[in-house]
2 protein chains.
Amino acid sequence: MIDFVFQNPTKILFGKNALSSLHDEAARWGERVLLVYGGGSIKRTGVYDQVMAQLAGLQVWELGGVQPNPRLSLVREGIALCREQGIQLVLAVGGGSAIDTAKGIANGVCYDGDVWDLFDGKGKNTEVLPLGTVVTIPAAGSEMSDSCVITREEDLCKRGRNTPLNFPKFSILNPEFTYTLPPFQTACGVVDIMAHMMERYFTRVTHVELIDRMTEGALKTVVNNAPIVMQDPENYDARAEIMWAGCLSHNTLLQTGRVGDWASHKLEHELSALYDIAHGAGLAIVFPAWMKYALAHGGEAKLAQFGRRVFDVPDSGDDAADAAEGIRRLEAFYRSLGLTTTLTENGIGDTDFGRMAERAAAMAGGVLGQFVPLKAADCEAIYRLAL
Amino acid sequence: MIDFVFQNPTKILFGKNALSSLHDEAARWGERVLLVYGGGSIKRTGVYDQVMAQLAGLQVWELGGVQPNPRLSLVREGIALCREQGIQLVLAVGGGSAIDTAKGIANGVCYDGDVWDLFDGKGKNTEVLPLGTVVTIPAAGSEMSDSCVITREEDLCKRGRNTPLNFPKFSILNPEFTYTLPPFQTACGVVDIMAHMMERYFTRVTHVELIDRMTEGALKTVVNNAPIVMQDPENYDARAEIMWAGCLSHNTLLQTGRVGDWASHKLEHELSALYDIAHGAGLAIVFPAWMKYALAHGGEAKLAQFGRRVFDVPDSGDDAADAAEGIRRLEAFYRSLGLTTTLTENGIGDTDFGRMAERAAAMAGGVLGQFVPLKAADCEAIYRLAL
């Protein structure tokens, strides 16, 4: 176990009646609220109306139109609006894209220069506007995380920024709000949640038994409950398990005492930057391919542990065999959710592999990940395994 | 899963170099520090000197002499000292007793009346002095908890108070500081840590799979690492697993979405109030007895899950049998740590059972616990099972 600092001050209000706390939680920070959300889904599902009813008595400005891979331009628009109107609380309603847009705004308002400086490391802020969230998509875990990812649309440059300033003051999670998620989005969320856990789980740091076992328990819970919600979207209990797991997957607790890998995430970012593929759907393809590469490059012990403990692979005494079986079961699980696990199924060939691999490695300073350190050639090999 | 609110803002600095952050963490809150600690052990081990070196440049007042089952009189003394000297940070160095004394002081300073009012529900404070901790005994979990237990020595009245005000601002955990713990104290800590998890684990609330599985993983980790530290007290990694588990066992995360039981803790409090027995040692006797009673009163399914998942009891298809085997393995585990699991071994007979049972039930308003609701007669039966 390596030394660590852990602190996560976000207040979580979870459950069927969680939204009834919104007025008090919001009013604590001021009377002038900016509501950030995506398309019309929260209006169709009635969440918007419930939120607005809770905000009665406060002054609310709205910023809709958040898109997946949230855009810098909307962040800039939000910053200007906040400054003009003296906004005191930014409230995101939606999933990771709405929340990350709100985070970008909350940071940018308190920074004198251009907000993009904060993402490419040229600038620094020490304060943010208070931020709250009402979660409708369990996937990104941004509701309790210190991270924020924004895309500059001119050049499709996607940049993340992790800072304790990004922790929301409060997040409201009602599993009922996820009943109406389309099956594909539910499935992608499940993959993303598991990926947040697995990126941290696959570490070269040894003696991390506590967090390994807690992570394995969380992964198993997601694996057990995902088929239930695919079959029965209004199953409160299964939705609740997945929603709370999504939150804990990325709140940095499961990061303590170890170094995470994150290669699969970066390899997927290159994929979805070039092709029209959802992040979770891309991870369902890239993660198993990465695992196969890691298995062939010294990762068999931890991969076997994963297979045995998460997917109940019987211990054959042969790490490599049990690891391979674990990967097969993970792929079968993704496919059972209606997702694909190969690029070919998505009509993607090897045309851009060289470019994607170069970029992925270059973005990481030449070597990507730590469980198996990957140079560009290794990245390309992983894309090939994903064909 | 039931609705819940979760928030824990304590900053954890964990590891071999964690103490090097003490000066900065302390200085953030002011220059006038009250150091609260127990007997001479931190002086013998050198922790005291390391702490004082870190506090160079700050003004430090000292309040030593904290005893197990920390006393109200010392809390009052600390409050007076803080007021006289304008203390800005209370810093506990030690285990749960030092930390709870510091919590009592930090609350009492910000309350106009007598501090005991806060413990018997007659008074309320809304602020506390900032509190930091340097942990040397992994057991109580007070370093990241909202709880504080103080004993009024006149009548041995022991009262707990849970409030978010009790969360320390920061806690420093260096597993090396636990190397010199006597084996008995290490063992008692292990029992206490596991009890904090099990009191929450045994719930009648259903659909709590995520936290169940994370708890099982944490329990298993403690069970696996305890024998290592008993054998090899300076095993950093095993000490680290237990120390971080102790912190997470009581930080309320493992409480989310459920109602805890806490009958065993209350039954043990009555025991250690009358007899000279350490809290952890008492729990090693009372908890298995409580489990046997719960097994005979409808608790077999969850107890079987505990046995199978924590102690690898093979699934025989018979819940009651697997539950009983799980309890046997838990007792064997406690005994392997050098602890006893019966009252008889401690020279305690049934003389006071009636009185203890009446008090335990009365303190809980007539019915103790929720996994199996216990009246006084049930409490007495559990004490008999512990003979």
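The model is predicted, so to speak of local features takes pLDDT of at least 70 and side-chain atom pairs count only at pLDDT 80 or more, while totals for chains, interfaces and linings use all residues. Residues are numbered from 1 along each chain as its sequence is written, chains are lettered from A in the order in which they are written, and side-chain values use heavy atoms, with hydrogens and water left out.

What the interface does have is 42 residues of chain B in contact (heavy atoms within 4.5 Å) with 42 residues of chain A. Together the two chains bury about 3,600 Å², 60% of it on carbon and sulfur atoms; this is the accessible area (1.4 Å probe) lost on being put together, summed over both. B:Met1, B:Leu210 and B:Trp244 supply 18% of the area that chain B buries against chain A, more than any other three residues.

Strands also meet here: seven bridges join strand 1 (residues 4–14) of chain A to strand 1 of chain B, and the two run antiparallel. Strands are DSSP runs (E, at least two residues) numbered from the N terminus, and two of them pair if DSSP finds at least two bridges between them. A:Phe14 has B:Phe4 as its bridge partner.

Definitions and conventions: Helices (H or I, at least four residues) and strands (E, at least two) are DSSP runs, numbered from the N terminus.
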